[in-house]
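Biologist: Hey, could you walk me through this one? I'd like to hear about its charged pairs.

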Amino acid sequence: MSPTPRTRATEPEDLARMFVERANAGDAEGLAELYEEDAVVAYPPGSQTVGRAAILALYRQMMAQAPRFEVEEPLPTVRNGDLAVTSTRPADGTGGRVQVARRQVDGTWLRIIDRPEIAD
């Protein structure tokens, strides 16, 4: 029996909510699927994780710690054609989170750049 396909983001704003849902479910594979194959995540702080395979390894390690995430207040999305910049105001009131997403050929959205932590 093959696994049920995961829901795909139909709007760039969906990605933040889907991240929280998948992270809280401990779904590292589902988290990695939110990124393009050659995406870049600026994490751990001060370094970059490049490519979906490396992002999957990062999230597997992170999910082993069983972190809990909250849906955060979204800031207005900025779009230019098939690109979008999304961001949220962290629940703990520090810094910010910023992502660049790209519309795919099928109309869904994936992250291409993710900066999950920005200090004030």
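This is a predicted model: local features need pLDDT of at least 70, side-chain atom pairs count only at pLDDT 80 or more; totals for chains, interfaces and linings use all residues.

Biologist: How many salt bridges does a search of the whole structure find?

Modeller: It finds 14. A salt bridge here is a side-chain nitrogen of Lys or Arg within 4 Å of a carboxyl oxygen of Asp or Glu.

Biologist: Why would such side chains pair up?

Modeller: Side chains of opposite charge can pair when their charged atoms come close.

Biologist: OK, what does Asp106 form a salt bridge with?

Modeller: With Arg8, and the closest N and O atoms are 3.7 Å apart. That pair links distant parts of the chain, 98 residues apart: Asp106 is in the loop between strand S5 (96-103) and strand S6 (109-118), and Arg8 is in the segment before helix H1 (14-24). Helices (H or I, at least four residues) and strands (E, at least two) are DSSP runs, numbered from the N terminus.

Biologist: And where is Thr108 found?

Modeller: Thr108 is in the loop between S5 and S6. Its side chain makes a polar contact with the side chain of Arg8 at 3.0 Å, and another of 2.6 Å joins Thr108 to the side chain of Asp106. A polar contact is a pair of N or O atoms within 3.5 Å; within protein, one must be able to donate a hydrogen and the other to accept it, and residues adjacent in sequence count only if both atoms are side-chain atoms.

Biologist: Is Thr108 buried or exposed?

Modeller: Thr108 is buried, with a relative accessible area of 9%, while Arg8 is partly exposed at 41%. Buried means under 20% relative accessible area, exposed over 50%, partly exposed in between (1.4 Å probe, protein chains only).

Biologist: Switching topic: which helix do Asp14 and Arg17 lie in?

Modeller: Both lie in helix H1, three residues apart, about one turn of the helix. Asp14 counts as buried at 17% relative accessibility, whereas Arg17 is partly exposed at 35%.

Biologist: Which residues are linked in a network of salt bridges?

Modeller: Arg6, Asp27 and Glu33.

Notes:
Residues are numbered from 1 along each chain as its sequence is written. Side-chain values use heavy atoms; hydrogens and water are left out.
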